Amino acid sequence: MTTASAERFALRLHKVSKAFGGVQALNKVDFEVRAGEVHCLAGENGCGKSTLIKVVTGVHRPESADLIELFGQRIDRITPVQARELGVSVIWQDLALFPHMSVAENIAFDDLVGLRPKSVRYGEMTTRAGKVLERLGVRMELGAPLHSLPIAQRQVVAIARALMNDAKLIFMDEPTASLTQSETDRLLDIVRKLSAQGVAIVFVSHRLAEVLEIAERVTVVRDGNLVGVYPTEGMTQARLGELMTGHHIENDVSARDLPDAPVAFQARGLSRHGEFHDVDLTIKAGEVVGLTGLIGAGRTELAHVMMGMRRADSGDMQLNGAPYRPKSVRAAIEQGMAYVSEDRLSLGLLQKQSIADNTVISVLRKLTSVTGLISESRKADLVRHWIKELGVKIGAPEDPISTLSGGNQQKVVLAKWLATDPKLLILDSPTVGVDVGARAGIFRIVRQLADEGLAILLISDEVTEVMHNSDRILHMADGRIQQEYDPRTISVPQLEERIYA
Amino acid sequence: MTALTKRLSQLKSGAGGENAGLLVMLAVLVLVFSIASPRFLTGANLGSMGFQMPLLGLLTLAMLAPILSGGLNLAIVYTANICGLTLAWTIMQFGGAEAGIGAFILGGVLAMIVGAIAGAVMGAVVAYVGAHPILVSLAMMIFLRGLGEFLTRGGDISGFPDYMRVLGHGELAGIPVPLILFGLIAFGWHVLLRRTPHGFSVYMTGSNMKATEYAGLNAKRTLVLIYTLSGLLCAIAGILMAARFNSVRVGHGEAMLLITVLACFLGGIDPFGGHGRVAPVILALIILQVLSSGLNLIGANQHLATAVWGLFLIAVMVLRSDQIRQMVNFFSRKDI
Amino acid sequence: MRDLMKSYTIEVRLAVVLALICVGLSIAAPQFATLPNATSLLNNSAVNLIWAVGLLVVLIAGGIDISFAVASSVVQYVAAKMLMAVGGGNWVLGFLFCGSLGILLGLLNAWLIHGFRIISIVVTIATFNAFFGLLMFFSGGRNIYNLPDWWTARIFIFEHENAQGVWSELTLSVAVMIGCVVATWALIRRTNIGRQLYAFGDNPEGARRAGVNIAVMQGVAFGWMGLMAGIAGLCQVNIVKEVVPNALYGRELDVLAAVVLGGARLGGGKGTILGCVLGVMFVAITQNGLNLLGVSPFAFQMIIGAAILIAISTSNIDLSQVLRKKEVRS
C-alpha cells in the first residue's frame, strides 16, 4: 500500500466485526470512503449501519478488524476524542443541539466542553460561527435562540458545528427525515458544496430517491453483512430496495378506475388564510387519492382542517353527502375521519404508554359498559383483533409501544384509527422512518382497506410512493391544487419534473 | 432476553413488582416493630393508626392525580385549610357548637365548591395558558395561605358541634370512621383513574398532551377536571381535618405537603406523569404510618419519623434503581 | 435592541412591571423612594437572593432543589456547634465551615441524583425530610443563643444619617449577597463550565454526546447551591443573632416561586441572573409597598400569590396567539 493511494481515502475499514451478545451486528464488513466523496450507507433498520458509525467514531470497539485507517493514518484503537480530533463528526438524527442557546453558541459549543475553566468570549464565538456559515453559503441570525429556527436550519447549524471542529468526514444520520423536499434540496446543495471543499460525507438515509441523487457510491449492508458497493449511476430505486431487503418489492402502478363508487368526501373552495386557497377535493369510497407536492404547499394544513384541528376561513366540506364542519378532533372522529400524523414519534403515538392503550385511545367509548367504566375484556378483545388483523409483531399488548420497530409502530397507528371505523383515512407521510421492507407491508394494508371501501387520502412528498399506491394524484403547490394526474399515464420522472419545476 | 425485557418493562411500569416489593417491606417493618414493642400489634395502636392515616391519605390522593397528569398540586394543604375555613364559617353562622346537622351539610357542600373552584382555576391555567404546574400551584398555595391568614388573622376557629366528632373520632363496627371514608374514596379514586375514560385520559395526557389531543381526547378538559377533582378531595380532607382537630387554623397540616409527594414517589408514581396506581401508594402510606407509629412506640418523636421517611424514600429509590441497573447491566455488559 | 427583547422577554416584562410598581409606590407612599427604605429592602432580601442565585444554577442544569432552606438550617446548627468546639473561630473559619458543609450537603444530593439516576425532585424532597427531621431530632428543637461574638456582631458596609436623624445602613449580608450574585453571574455567563451547565440542562443527551461530564455538572450545580445555602445560613444567623432550627423551614417554595417568576425554566437550559434578581425583588418590593401603604400584613401573601398567578397567566400569552384563538384544537 502506497501512501499516495492511502491519502485519497478519508476512511478505510477492512473486515470489521462486532457482536452484541449472540447477535453479529457486523460481520467482516469492508467500508471505504474517498476524500471529498459523498457516500451513501444504505440498509434497513438494525442492519448494522449505526454500529458501523459507532465503530468509526470510537464509541464501539470492534472484536476484530484487519484495518482501520482514517485519512491515511492507520489506527489500532479509536477513541471518541481521537476520532473527533482527526476530523470525524457525526450528525445524529436528533441533531443533539441546544434549543435555548444561541445559534452561534450551538455552532461553537464543542470549544466550551471540558473541565479546565475557560472564560467565554461571545464576540469571538460569533465571528467564528459566522465564518463557518459563510463557508456553507448560509445566512442566519447568530444571536437568535436555536428553537426559533425551523428544523431545516437547525440541520445546517449542526453541519456548521461539525465544520467548526474541522471535520473532514461527516456522517449524517437520516438528515432529511423531517425536511420538506425543497429544504432537502437546499441541504443537498450544501452537501455538494462541502464535498467540493474536500469534506467526505457519509449519508445514511431511508429515502432512496435522494440517496441516488446525491451520492457517488452506495454501500449496502444487510443483517450485518456487506452486500456490496455500487456506483449510483445506473442504479434504480427498485434495485437498491431489493439489495437492502434481499427480496423483490412489488412497485407497480396499482391505479384503478372507480366509476360507480359513491363520493365519500368532498371539499369545495376550501381556504385558510396564508395556508391554502380554494381547494376542491373529491374522494370516492374505496379510492386512494395521492396528494403530493413540496412541504409548505399546504398539504398538512389541509389535513388539519379536514380533521377539525383548525377551521377553514371559507369553503365547505361534505362527508358521505352530509355537510361536514368539525369543531374538534373528537367531532371529526365521530363523523368518520381518521388521521395518521406525519410525526409518529411525538404526535401519532404515546411512546410511554402500552401497545394496548395506544390502540384503544380513540375508541374509549366503544369500550365502556352501561356503568360508564372501561371493560377490560372488551379492550383486550379489540386489541387482539387489530393486532391479528394487521399482523403487528408484538411481545405482549402491555409492552410499551416504544419497544416496537417503526413499521410495527405505524401499524399500531393504523389499528388505532381503523378501530374508529372511519369513512376517510388521511395518511400524512405514513412511511417516515419506516424500513423499505415494512413500507410494502403498510401499503398492502392500505390497498386492502381501499378494496374494502375506505376512502384514503395519501399525503406524501415521495413521488414514487404516491405513484405506486394511488388511483389519482393531485399536485399541490403554493396552497393550491395545481393539477390532477393519472399514475397510469405519467412516469415518475415526468411527475417529479412537474413538482420540482 | 425477551423475558428479561418484559420483566424490566413490568418493573418500570410498576404494576406487579411495585406492590410485591412494598408488601415485603411492610411485612418486615411490622415484624420488626412488633418485636421491638409489645404494644405495636395491639388494637389501641392499630386503631390510632387508623385514625391518623386517612388525613395524609386523602391529601396524598389529591396529590396523586395531578402527578399522573404530568403535573403537581402544591396547593393541596392550603386548599384543605380554606375549605375547612368555609365549613367553620358556615357553622359559626348557624350558632357554632349549637349548629344543626343542616349547617354542617351546607358548610360541607360550600367547602367542596370552594375546593373545586381552587382546583379548577389551577387546572385552567395549566391547561389553557400552558404554565408549569409547579409554578401555578405554588402561586395558588401562596395565595390561599395569604387568603387564609387574612381571613383568620393568624388565629384559629374552634367550637364545632359534637356530631362532628363522629366523623373525626367515631368508629363503625370497630373501624375508625375516617378510615372507612378514606377506604371508600381511595376505591373510588382507583376506579376513576383505572377504569373510566376520564382516568384513561389522565394517564395519556400525563405522558404526551399533544399526542393525546391528536387522538381525539380532550386533554385540556381532562386537566381542568383532574385539578378540580383534586381540589374537591382537598375539601374533604379539610372537612375531616376540622372534625379531627375540632378547630381550623391556616397552616394546619402544612408539614404534610411534601410528605404526600414523598408517599406518591414511594408508591412508584412516575414523577413525569403517565404511570402509577392507587394501590401501591396506599401501601406506601401504610408503611409511612407504621414507621411513624412504630418509632413513636419505641420512644422516638415525630421528627425522627420524618427523617426516617426521607431516608426510607432514598433507600427505596436507590434499591429500585439498582435493581433496574443490574438488570440492564446483565445484558448490556457484553454489548460494551 | 430587538434582539434584547427577544432573548430576554420575561426579564424585560418583569423589569417594566417592577418599574411601574416602583413609580406607583413612590407616588402613593412617600417613604418608599427613600434611602432608609431601600437599604432595609436590600438587607431583608439578602438571604433570599443568595438562595435564589444558587437555585438558579440548579434550575439551569435541569434540576430542582427543595432541600436548600433546611440545608441552611443544618449548616447553621452544625457550624455553631463546631465553631464553639474550636473556641469560637472567626469570619474566615465561619465561611470555610459553612461553605464546605453546604457544599457537602449539595454534593450528597448530586451523588444520589447522578449515582442512582433518581430525579432531583424526588431526591431533594427526601433529603428535605431527612435533613429537617434529623436536625430537629438532634437539636431537640432548641435554639442556640450562645454564639461567637464575631458572628452576631452588626457590621455595616454603608452608613448614612439623613437630616431627620434616620439611619440608612447596609449590613454585611448585603455585601456577601452582592458577592454571591456576581460570582454566580461569572460562573454561568462567563465560564465554559457555566455554559456546559446550560447545555446539560437544555439537552442532557446532546451534552453527554458532546463530551460534557455529566457527573461533574450535577456536582457543580448542586455543590454551588449547597455553597449558597451554607453562606445564606451564615448570613441569616448574623442577621437574627441566634440559630433557630426550624426558622428557615418552609422558605424554599417561596424562593422557588420567585426564581421561576424571573424566567428560569423548570426543566433546564434557561434562566438569567437578572431575571432571578428581578423575581426576588418583585416579591420583596410588593410586600414592602403593601406595608408602606398600610395594608394589613395578613393580606401580603394573598396579594403576592394573586400577583404571581396573574403574572404567569399572562406571561405565557402571546398576543398573536390570542388573535388566533378562533382555532379550536381538538
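Tutor: A residue is buried if 20 or more other C-beta atoms lie within 10 Å of its own, and partly exposed if the count falls between that and 12. Keep in mind that this is a predicted model.

Student: Is A:Ala96 buried or exposed?

Tutor: A:Ala96 counts as buried, because 20 C-beta neighbours lie inside 10 Å. This residue sits in the loop between strand S6 (88-91) and helix H4 (103-108) of chain A.

Student: What is the phi of A:Ala96?

Tutor: Start with the general idea. Most residues other than glycine have a negative phi. A:Ala96 has a positive phi, near 55 degrees. A:Asp223 also has a positive value, near 50 degrees.

Student: Where is A:Asp223?

Tutor: Look in the loop between strand S9 (217-222) and strand S10 (225-231) of chain A. A:Asp223 is partly exposed, because 15 other C-beta atoms lie within 10 Å.

Student: What is the strand order in the open sheet of 4 strands in chain A?

Tutor: Strands of a sheet pair through backbone hydrogen bonds, either parallel or antiparallel. Here the order is S12-S11-S14-S15, with antiparallel pairing. The edge strands are S12 (276-284) and S15 (322-324) of chain A, each pairing on one side only. From one strand to the next, the twist averages 20 degrees.

Student: How many bridges join S14 of chain A to S15(A)?

Tutor: There are 3 bridges between strand S14 (residues 314-319) and S15(A). A:Gln318 has A:Pro323 as its bridge partner in S15(A).

Student: How many residues of chain C are in contact with chain B?

Tutor: 44 residues of chain C contact 44 residues of chain B. The chain C side has 31 nonpolar, 10 polar and 3 charged residues.

Notes: Residues numbered from 1 in each chain as written. Chains lettered and ligands numbered in written order. Predicted model: local features only at pLDDT ≥ 70, side-chain atom pairs only at ≥ 80, totals over all residues. Contact = placed C-beta atoms within 7 Å. Nonpolar A, V, L, I, M, F, W, Y, C, P; charged D, E, K, R; others polar. Helix = DSSP H or I, 4+ residues; strand = E, 2+ residues; numbered from the N terminus. Pairing = 2+ DSSP bridges. Axes fitted to C-alpha atoms, helices over the stretch in contact; angles between N-to-C directions.
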